[in-house]
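Hi,

Here is the structure I promised to pass on.

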Amino acid sequence: MAKIEWPLKNFFITDEFGAGRSHTGIDLAAPTGTGIYATDDGVVSASGNGRNNSWMGPMAGLYVLIRHAWGYSGYAHMNAFVVYAGQTVKRGQLIGYVGSTGLASGPHCHFETLPLSPNWANGISGRVDPRTHTLVPQGSTVIPPVTPPKKKEIKVIAYHREDKYARNGGRTVAPGAHFYLHTTTPNTWNAENVAGGVGAYSFTGHLYAQGQPGDVVRIVYVIQNQKTTPARSSTHYTESRVIDKNGLVRANVEFKRGIADGDQVFLRFEADTANTAPVKVTALDSDAYLFKVV
Ligand SMILES: [Zn+2]
């Protein structure tokens, strides 16, 4: 049996299923105009005036019948209904209002559950006691969000950039000086438009340099957005390294970052102002990987 919701928020029960006189549902008394809500997800199989449907006949007054995965639910004596045959309804969706149409001595919702293949003319034997289902308060069911199917993430190289001046003989960087990775002209900005466009990136910078043991160098990724108004925004990602006892420094610096429209990425090498000697950079390059969901 299904876990379903009572169709009303507040009510009192005036008649149970069976109850010695073949009552085919449960009567939920509430003031005229009280909202009636779908007990579960389903599709409206019929709504209207009961005299046009064999379910309860004219006794039903205004009614709604909903087909669910587990069977039907029926709601009778409505003051008004707001859903129509063929309409998909969600659990807890408003379907009508309490009234006393048809055969009713006062305002109430006659609530029934039926199996998927009911015999409409079969009276109580065609129905199921709603209490054979697990009934929970109206509006109390938390419907879990639909999780989209798991997608696969792949890493594709967007660019590889090498500082050709470092490679061709090395760059000498005085204490407190810096340069930007560049492939053509030294010491000028290199606007590295991210090749793969907007997306999630992983940047890896590789450095090889020589200098005075104990001196400090930094690799800085600078991300600027050229489309931000009025001023362009700029963020930095920095990692420091200490030159080892052999006078060498090798660094692989990696960081991840989402690239938005207008973002440009620069790689800057810095020699600390407190350094005791110039640093010679013999290799500096940067890779960008784009994570694509496929
Ligand atoms: Zn009833």
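Below is what turned up when I went through it.

First, the ground rules. This is a predicted model, so I kept to pLDDT of at least 70 for local features and to pLDDT 80 or more for side-chain atom pairs, while totals for chains, interfaces and linings use all residues. Residue numbers start from 1 along each chain, as its sequence is written.

**Overall**

The protein chain has 1 helix and 21 strands; these are DSSP runs numbered from the N terminus, with helices being H or I of at least four residues and strands being E of at least two. Of its 294 residues, 33% count as buried. For burial, the count is of other C-beta atoms within 10 Å of a residue's own, with C-beta atoms placed from the backbone: 20 or more is buried, 12 or fewer is exposed, and in between is partly exposed. Among contacts in the protein chain with a separation of 6 or more, 70% are between residues 24 or more positions apart. A contact here means that the two C-beta atoms, placed from the backbone, lie within 7 Å.

**The cores**

The largest nonpolar core has 30 residues, and those with the most contacts inside it are I36, Y63, V64, Y75, M78, I95 and C109. Six elements are listed as giving two or more residues to this core: β3 (26-29), β4 (35-37), β6 (62-67), β7 (72-81), β9 (94-98) and β10 (108-114). There is also a second, separate core of 26 residues, which includes F179, I223, V265 and L267. By nonpolar core I mean a set of buried Ala, Val, Leu, Ile, Met, Phe, Trp, Tyr and Cys residues joined through C-beta atoms within 7 Å. As background, nonpolar side chains tend to be buried together in soluble globular proteins.

Leaving out residues up to four places away in sequence, M78 touches I36, G61, L62, Y63, V64, G96, Y97, V98, G99 and T101.

Why call β6 largely enclosed by the rest of the structure? Because 5 of its 6 residues are buried. On one side, β6 pairs with β5 (residues 42-49) in the antiparallel sense over 6 bridges, with A46 standing opposite L65 of β6. β6 is also joined to β7 by 5 bridges, again antiparallel, and here L65 stands opposite G74 in β7. Pairing needs at least two DSSP bridges between the strands. The hairpin of β6 and β7 has 4 residues between the strands, and in it G71 takes a positive phi near 155°.

H77 counts as buried because 28 other C-beta atoms lie within 10 Å.

- Y180 sits in strand β14 (residues 178-180) and is partly exposed, with 19 C-beta neighbours inside 10 Å. Its C-alpha is 5.7 Å from that of L267, 87 residues apart in sequence.
- Y159, in strand β12 (residues 153-162), is partly exposed with 16 other C-beta atoms within 10 Å. Y159 and S286 are 127 residues apart in sequence, and their C-alpha atoms are 8.0 Å apart.
- N119 is in the loop between β10 and β11 (134-136) and counts as exposed, with 12 C-beta neighbours inside 10 Å. From N119 to W55 the C-alpha distance is 8.8 Å, across 64 residues of sequence.
- T273 belongs to the loop between β20 (263-271) and β21 (279-293). T273 is exposed, with 10 other C-beta atoms within 10 Å, and touches P175 and G176, not counting residues up to four places away in sequence.

Cheers
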